[in-house]
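Colleague: I'm new to reading protein models. Could you walk me through this one, a few questions at a time?

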Amino acid sequence: MKASKIAYKPLGIAMGAVSGVLAGAVFKQVWKQLGHEEDAPDATDENRTWREVLSAAALQGAIFAGVKAAVDRGGATATRHLTGTWPG
């Protein structure tokens, strides 16, 4: 395994945690902007419709994937800029 890949691993883990927190905050704001309550519905909430539950889950998944990809790509680009090598 390349040294740059090994050195990047702890940074990648930390960035993953940060992206999860950031994505959660973005989703919460988007959910509120769409005119819903503060919290998204849980899948086991019997007072919510299938449409509400599945829409919230799909939106949350899309936001999490987009934020994670942006953070990962930014970290890899910054690493190449600083070290001259791509971490992957």
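Predicted model: local features only at pLDDT ≥ 70, side-chain atom pairs only at ≥ 80, totals over all residues.

Colleague: How many salt bridges does a search of the whole structure find?

Modeller: Side chains of opposite charge can pair when their charged atoms come close. Here a salt bridge is a side-chain nitrogen of Lys or Arg within 4 Å of a carboxyl oxygen of Asp or Glu. Searching the whole structure with that rule gives a count of four.

Colleague: Which residue forms a salt bridge with aspartate 39?

Modeller: The closest N and O atoms of this pair are 4.0 Å apart. It links distant parts of the chain, eleven residues apart: aspartate 39 sits in the loop between helix H1 (3–33) and helix H2 (50–83), and its partner is in helix H1. Helices (H or I, at least four residues) and strands (E, at least two) are DSSP runs, numbered from the N terminus. The partner, partly exposed because its relative accessibility is 34%, is lysine 28.

Colleague: What separates aspartate 72 and lysine 68 in helix H2?

Modeller: These two form a salt bridge, with the closest N and O atoms 2.6 Å apart. They are four residues apart in helix H2, so the separation is about one helical turn.

Colleague: Which residues do salt bridges that share partners join into one network?

Modeller: One link is glutamate 52 with arginine 48, whose closest N and O atoms are 3.7 Å apart. Glutamate 52 has a relative accessible area of 26%, so it is partly exposed. Being four residues apart in helix H2, aspartate 72 and lysine 68 are a separate example of a pair about one helical turn apart. The network joined by shared partners is Asp45, Arg48 and Glu52.

Colleague: Is serine 19 buried or exposed?

Modeller: Serine 19 lies in helix H1. Leaving aside neighbours within four places in sequence, it is in contact (heavy atoms within 4.5 Å) with Val67, Lys68 and Val71. Its relative accessible area is 4%, so serine 19 is buried.

Conventions: Residues numbered from 1 in each chain as written. Heavy atoms only, no water. Buried < 20%, exposed > 50% of the residue type's maximum accessible area, 1.4 Å probe, protein only.
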